[in-house]
Amino acid sequence: MSDTIKITVIDREGVSHELEAPTDMNMNLMEVCKSYELPVKGTCGGMALCSTCHCYVQTEHELPEMSEDEEDMLDQAFFVDDETSRLGCQLPINLELDGLVVKLAPESE
Amino acid sequence: MIETDILIIGAGPCGLFTVFEAGLLKLRCHLVDSLAQPGGQLTEIYPKKPIYDIPGYPEVLAGELVDKLLEQIEPFHPGFTLGERAETIEKMEDGRYKLTTNRGTVHAAPVIAIAGGLGCFEPRKPPIGNITDFEDKGVEYIIKDPELYRDKRVVIAGGGDSALDWTIFLADVAEEVTLVHRRTSFRGALDSVEKVMELNETGKIRLITEAQIVGLNGNGSLHEVVIKHKTAGEMNKETDHFVPLFGLAPKLGPIADWGLNIDKNAIEVDTFDYSTNVEGIYAIGDINTYPGKLKLILCGFHEATLMVQSAFKRIYPDKKLSFKYTTVNGVQGFDN
Ligand SMILES: Cc1cc2nc3c(=O)[nH]c(=O)nc-3n(C[C@H](O)[C@H](O)[C@H](O)COP(=O)(O)OP(=O)(O)OC[C@H]3O[C@@H](n4cnc5c(N)ncnc54)[C@H](O)[C@@H]3O)c2cc1C
């Protein structure tokens with residue numbers, strides 16, 4: 001199908017999951033992870049108000065710029081990597097993200 | 001001992017609305033919440049966000065909805081134990097439950113309604129291996145009494161309003177204040193940011209940006225923190241206190257140990273009356289689970305309404321309960 005893309009999510013145990021994500025459902029990466037029942041809480045529902053979908057982007061895809069909200073939230077998060085950390089909920093699924101690889105950040109207490 | 005009819009754990013929207021529905025049946029309620037103010041997620045996470053799916057309100061700010069709920073339940077004079085976490089539940093000889101908080105406040109009621117949402121909001125602890133060894137021995141996640149820091153050396157970490165506000169406040173109290181933040185910009189209120197910059201320039205505090213605390217050293221009590229700077233590497237800094245301020249996050253907490261059936265951090269209930277597997281203990285709102293569950297405020301309100309009917313029958317097994325619309329008699333509150 002041309003309107004789905006492939007994304008690889010590496011979970012906290014290091015296991016890779018190949019996911020197929022629709023680009024026409026107005027979804028973001030956090031929601032895709034949840035729909036595959038990966039251990040992503042998404043407490044705030046996708047408003048960059050928690051950091052339970054914090055992940056490290058492993059590929060060179062062009063991503064949307066970080067909003068102030070996202071930067072602020074990453075400030076409160078732990079295990080943040082300045083170069084690769086993002087909140088999954090702020091990455092809308094579109095064709096450009098085909099082949100994206102992300103690693104879930106450790107859960108903080 | 002605080003005595004009531006329905007003891008509600010969690011003062012989020014569902015706990016608050018329970019007071020209203022219980023009040024219509026002349027049942028009294030008391031609420032316990034680990035947060036210092038009522039409102040649960042609405043107050044703690046998104047007070048300024050508009051909600052669009054509360055029936056009758058095309059749009060309402062979360063904080064406003066909490067204010068309205070408080071106004072609505074006021075005639076029923078609910079009691080509050082705020083800033084305390086419900087810790088243990090025991091069954092007493094008379095069949096009622098005794099609930100004790102982490103601060104030792106004791107409550108008793110024939111019915112417990114758990115409206116604990118996603119769990120108690122607790123300070124987020126930075127992932128520093130031995131941090132728990134120094135809790136209350138130099139490491140505090142919440143500033144309860146600023147006098148503790150008088151003439152002491154304090155290192156604060158974080159970039160939000162509480163980190164900025166406490167830095168400003170303690171600048172006059174502590175001997176030395178160091179604020180460590182991961183980035184160069186701050187997300188707190190602009191005038192607080194400016195004030196912190198000014199205090200730094202005048203040498204009243206020390207600001208270290210692009211840095212994080214990565215280690216703690218001490219023998220019994222905290223002696224120094226290890227600060228890792230993005231480019232300058234690690235350095236040790238002697239201090240009496242380390243106060244990491246990284247906001248709050250919900251954790252299921254003690255509820256997990258109360259003998260209730262739990263599935264994926266949520267309490268299993270019977271949708272007939274939202275009762276749990278333990279008689280007299282109910283669970284409503286985000287904390288419960290059943291086939292088809294949706295974590296919505298609207299659904300929690302419905303659950304609360306059906307739950308108090310069952311609670312009434314448990315408290316007054318022999319009394320008849322007649323169902324009345326509020327339009328018939330209006331809201332008849334309690335006199336005291
Ligand atoms: C960003 C965001 C946006 C949302 N938007 C909407 C929306 O548009 N519409 C909608 O319907 N829903 C929305 N929700 C969901 C909604 O907020 C929840 O469904 C609602 O808050 C659940 O209410 P509650 O009373 O069950 O629990 P909560 O609001 O979570 O309150 C539970 C309270 O219990 C306390 N507690 C827990 N355990 C203990 C204990 N052991 N001792 C003492 N206190 C304890 C907690 O401290 C907390 O204050 C949103 C949620 C978020 C985070």
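Tutor: Domain bounds, as used here, come from an automatic or database domain assignment. For chain B, that assignment gives domain 1 as 2-121 + 248-335 and domain 2 as 125-244. The C-alpha centres of domain 1 of chain B and domain 2 of chain B are 37 Å apart. These values, like those that follow, rest on a predicted model.

The chain to examine closely is chain A. Its secondary structure consists of two helices and five strands, and from the N terminus on these elements follow the order β-β-α-β-α-β-β. The radius of gyration of chain A is 13 Å, close to the 13 Å that the globule rule gives for 109 residues, so chain A is as compact as a globular protein of that length. Along the principal axes, the C-alpha atoms of chain A fill a box of roughly 40 × 30 × 25 Å.

The interior and the contacts of chain A may be taken together. Of the 109 residues in chain A, 44% are buried, where buried means under 20% relative accessible area. Among contacts in chain A between residues at least 6 apart in sequence, 62% join residues at least 24 apart.

Notes: Residues numbered from 1 in each chain as written. Chains lettered and ligands numbered in written order. Predicted model: local features only at pLDDT ≥ 70, side-chain atom pairs only at ≥ 80, totals over all residues. Heavy atoms only, no water. Helix = DSSP H or I, 4+ residues; strand = E, 2+ residues; numbered from the N terminus. Rg over C-alpha atoms; globule rule 2.2 N^0.38 Å. Buried < 20%, exposed > 50% of the residue type's maximum accessible area, 1.4 Å probe, protein only. Contact = heavy atoms within 4.5 Å.
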